There are 2 protein chains.
Amino acid sequence: MAIKALTFDVFGTVVDWRTAVIQELRQFGAAKGVDADWAAFTDAWKTTYRPAMDKVNAGQITWINVDKIFRDRLDELLPQYGLADATEEERERLNLSWCRPIAWPDSVAGIRRLKSRYLVSTLSNGNFVWLVNITKHVGLPFDCVLTAENAKAYKPDPRIYRTAIEMLGLSPGEILMVACHNYDLRAAKEQGLSTAFLPRKEHGLEQTFDQEPEDNWDFSVNDLCELAAVLGC
Amino acid sequence: MAIKALTFDVFGTVVDWRTAVIQELRQFGAAKGVDADWAAFTDAWKTTYRPAMDKVNAGQITWINVDKIFRDRLDELLPQYGLADATEEERERLNLSWCRPIAWPDSVAGIRRLKSRYLVSTLSNGNFVWLVNITKHVGLPFDCVLTAENAKAYKPDPRIYRTAIEMLGLSPGEILMVACHNYDLRAAKEQGLSTAFLPRKEHGLEQTFDQEPEDNWDFSVNDLCELAAVLGC
C-alpha cells in the first residue's frame with residue numbers, strides 16, 4: 001500500500017531533549033550556587049513519567065497532560081537536589097525546558113524533504129501546545145500537530161493511533177509511523193500502520209537499547225535524510 | 001491582555017474558495033459538454049451546508065465531517081445540472097475542489113509576518129485533513145491546524161472555541177479570533193476570545209453583507225498584512 005502520510009514520534013526521534021534539559025538545569029543550578037549530576041536529574045525526570053501515563057491509559061486517573069506529569073515530578077526532584085527554594089515562576093520555566101529541545105542534525109532537512117511528497121505530522125505523547133511550541137522553536141516544518149491530547153490517551157494505547165488514522169482520513173497502512181522506539185512501532189503496527197525505525201542516542205552516548213529494529217519493520221534507516229531518500233524525496 | 005495566539009477562520013477569511021470551485025466545475029462541465037451557471041451551482045453548494053451543521057450542533061444527528069455534508073449536497077445538485085452520470089471517482093474529485101482554493105493576495109505574507117511573533121492556527125469548520133491539505137496546497141505557514149473536528153461541534157457552537165482555548169493552553173483573551181464573518185466573532189467573543197474583523201468578497205464582487213464590523217471588535221482591518229502591522233509584526 002502506498003504511503004501518503006508520515007507520523008513522527010518527536011522526543012528522541014526528531015529532537016534531542018536530554019542535552020537541552022541538562023543544560024537548562026545546569027544553568028539554573030549555577031545561578032543558585034548548586035552543583036549536581038544534572039544528567040541524573042534529567043534521567044530521573046524523564047524515565048519516571050511513564051507510571052502516570054499508564055494510570056491515565058488504564059482509566060485509574062482522569063486525563064492529565066504531560067506538562068502536569070512533568071511538573072509534579074519536578075517538584076519531587078528539586079528538594080532532592082538542594083533546590084527546594086525554587087519559585088513558582090522558576091519551576092514553570094524549568095518545566096518548559098522540554099519545549100526547547102535541540103534538533104538532531106538530520107531532522108529539519110529530512111522532514112522538509114519528506115514534506116514535499118507526503119503529509120508530515122507529529123504523533124507524540126506531549127501536550128498539543130508543547131508540540132506546537134517545539135516545532136516553532138526548532139523550526140520543524142510539520143504540516144500539522146497530533147498528540148496524545150487529541151486522543152486523551154498515551155502511546156502505546158491503541159486510541160492514539162486510531163485517532164491519527166481517523167483525523168488523517170487515511171487507511172492505516174497509508175500512514176507510516178516513524179520512531180526510534182520499538183515499543184511505539186509495535187503498537188502502531190498492531191493498528192495496521194506502516195512502520196519505520198531509526199536508532200537514536202537520546203539517553204546519551206552509552207545507550208544500548210533501541211539501537212536495532214526488534215521486528216520486521218517496513219523500513220529501517222539510520223536517519224531521517226536516509227528515510228527521505230528511501231521514500232523518493 | 002496581551003495576544004499570544006491567533007486563530008483564523010479559513011474559508012473566506014484566508015482563502016477564496018468560490019473562484020476555485022467555480023473554475024473546477026466549469027472545467028468538469030466542459031469535459032462533459034455541459035454549460036451552466038457554475039457560480040449558481042457553487043453558491044447552492046456552499047450556502048446549503050449550514051442546516052446539516054446545525055443538526056450536528058443540536059445533537060439531532062451524530063458527528064459528521066463537512067466532506068460528507070458537501071458530498072451529499074453535491075449528489076443532489078449534479079442531476080439538476082445535467083451531470084447525473086458523474087462517476088464516483090469524478091464526484092470525489094469534485095468534492096475535493098474545496099481543498100484547492102486560492103489564497104487572497106495578502107494571506108500568505110500576512111500569516112508569515114504574524115507567525116514571527118505569535119502562534120498562528122486555523123479554526124475552521126472544515127475536516128481536519130481538509131485544512132491540512134489546504135495549508136499545503138496554498139502554502140499557508142500555520143503552526144498548527146484546529147478545526148470543528150477537534151471539538152466535534154461546528155462554529156458558532158461554543159464548544160469549538162472552548163476546545164481551541166483548552167488545546168492552546170491560554171487564557172481566552174490571549175487568543176485573537178480572525179474572521180471575515182461577524183457571526184464567528186460574536187460567538188468567539190462570548191467565550192472571551194479577542195476579535196479581529198476584516199472584510200472579504202468571498203461570495204463575489206456584489207457581496208454586501210459582512211463588509212463592516214457589526215460590533216466593537218478589538219481590531220478591524222482591511223487585510224492580514226494590515227493586521228500584522230497593527231500587531232507589530
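**Exercise 1. In which order do the strands of the open sheet in chain A stand, and which strands are at its edges?**

Step 1: The open sheet has 5 strands in the order β4-β1-β5-β6-β7 (chain A), with parallel pairing. Strands are DSSP runs of E with at least two residues, helices are runs of H or I with at least four, and both are numbered from the N terminus. Two strands pair if DSSP finds at least two bridges between them.

Step 2: β4 (119-122) and β7 (219-220) of chain A each have a single partner strand, so one side of each is left without a neighbour in the sheet.

A note on the model: it is predicted, with local features needing pLDDT of at least 70, side-chain atom pairs counting only at pLDDT 80 or more, and totals for chains, interfaces and linings using all residues. Residues are numbered from 1 along each chain as its sequence is written, while chains are lettered from A and ligands numbered from 1 in the order in which they are written.

**Exercise 2. Over how many bridges do β1 and β4 of chain A pair?**

Step 1: Strand β1(A), residues 5-8, runs parallel to β4(A), and the two are joined over 4 bridges.

Step 2: Within this pair, Ala5(A) lies opposite Leu119(A) of β4(A).

**Exercise 3. Which residues does chain A bring to its contact with chain B?**

Step 1: Each of chains A and B gives 14 residues to the contact (C-beta atoms, placed from the backbone, within 7 Å).

Step 2: On the side of chain A, α7(A) gives the most, with 5 residues.

Step 3: That side divides into 8 nonpolar, 3 polar and 3 charged residues (nonpolar: Ala, Val, Leu, Ile, Met, Phe, Trp, Tyr, Cys and Pro; charged: Asp, Glu, Lys and Arg; polar: the others, Gly among them).

Terms used. Two residues are in contact if their C-beta atoms, placed from the backbone, lie within 7 Å.
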